[in-house]
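Let's take a walk through a protein model together. Have a look at the picture first, and then we'll go through it piece by piece.

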Amino acid sequence: MNIFKKKTTPKDALRTSKREMAVATRGIEREITSLQLEEKRLVAEIKKTAKTGNEAATKILARQLVRLRQQITNLQGSRAQIRGVTTHTQALYASTSISSGMKGATKAMVAMNKQMAPTKQAKVIKDFQKQSAQLDMTIEMMSEAIDETLDKDEAEEETEDLTNQVLDEIGVGVASQVRFLFIKAN
């Protein structure tokens, strides 16, 4: 055990694993390619021996061709398994990343809970509600006062308009209206 060896991180382990899997995959692919070339050569040789009429040699070569094709199939299966392992490794790394992110979020939430003491927050909320209620009452009182003032002006205008309309209907002249307004103003 080497005490000076640096601990590998999941990211480094994933990188190393991917590299090793890629090397293994390339090696298998090279082997498959060489076996496929051998298969082509063997097929040509089988045709040649079949033309010459040598049945024993043709059967032996055909048996070799079957075994060669089985070997190619096995190597292709191995390549697929290696790719599956690579994908699985990447999924594990993603899970590790998520768990470390969750760990950080949990730490942040704990820190926030420590800062936000429930009793202090309740007091702040109570004070806010109290001030909000006072503000609502003040706004309501001011609105009522403004409405009353506007209503008085509108009522006086309506009264004056109604009076003028009644006087016009009766046929009271302008001089009478002026006198009426003069008396009203004093």
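In which helix do Arg41 and Glu38 both lie, and how many residues apart are they? Both belong to helix H1, and three residues, about one turn of the helix, lie between their positions in the count. Before we go on, some ground rules: this is a predicted model, where local features need pLDDT of at least 70, side-chain atom pairs count only at pLDDT 80 or more, and totals for chains, interfaces and linings use all residues. Residues are numbered from 1 along each chain as its sequence is written, and side-chain values use heavy atoms, with hydrogens and water left out.

Now back to that pair. Arg41 makes a salt bridge with Glu38, and their closest N and O atoms are 2.1 Å apart. (A salt bridge here is a side-chain nitrogen of Lys or Arg within 4 Å of a carboxyl oxygen of Asp or Glu.) Arg41 also meets Glu45 in a salt bridge, at 2.9 Å from N to O. Those two are four residues apart in H1, so about one helical turn separates them.

(Buried means under 20% relative accessible area, exposed over 50%, and partly exposed in between, using a 1.4 Å probe and protein chains only.)

Let's zoom out to H1 itself. H1 covers residues 10-52, which makes 43 residues, and it reaches 62 Å from its first C-alpha to its last, close to the 63 Å expected at 1.5 Å a residue. (The expected span is 1.5 Å times one less than the number of residues, and helices are DSSP runs of H or I with at least four residues, numbered from the N terminus.) Just after H1, Gly53 takes a positive phi of about 90°.

The buried residues of H1 include Leu14, Ser17, Met21 and Glu39. What covers them? The cover includes helix H2, residues 55-115. Arg69 is partly exposed at 43%, while Glu39 is buried at 17%.

There's a greasy side to the story too. The largest nonpolar core has twelve residues, among them Met21, Ile32, Leu42, Ile72 and Leu75, and H1 and H2 each supply at least two residues of this core. (Such a core is a set of buried Ala, Val, Leu, Ile, Met, Phe, Trp, Tyr and Cys residues joined through side-chain atoms within 4.5 Å.) Leaving aside neighbours within four places in sequence, Ile32 is in contact (heavy atoms within 4.5 Å) with Ile72, Leu75, Gln76 and Arg79.

Finish at Thr86, which sits in H2 and counts as buried at 18% relative accessibility. Setting aside its neighbours within four places in sequence, Thr86 is in contact with Lys18 and Met21. The C-alpha atoms of Thr86 and Lys18 are separated by 6.4 Å, although the two are 68 residues apart along the chain.
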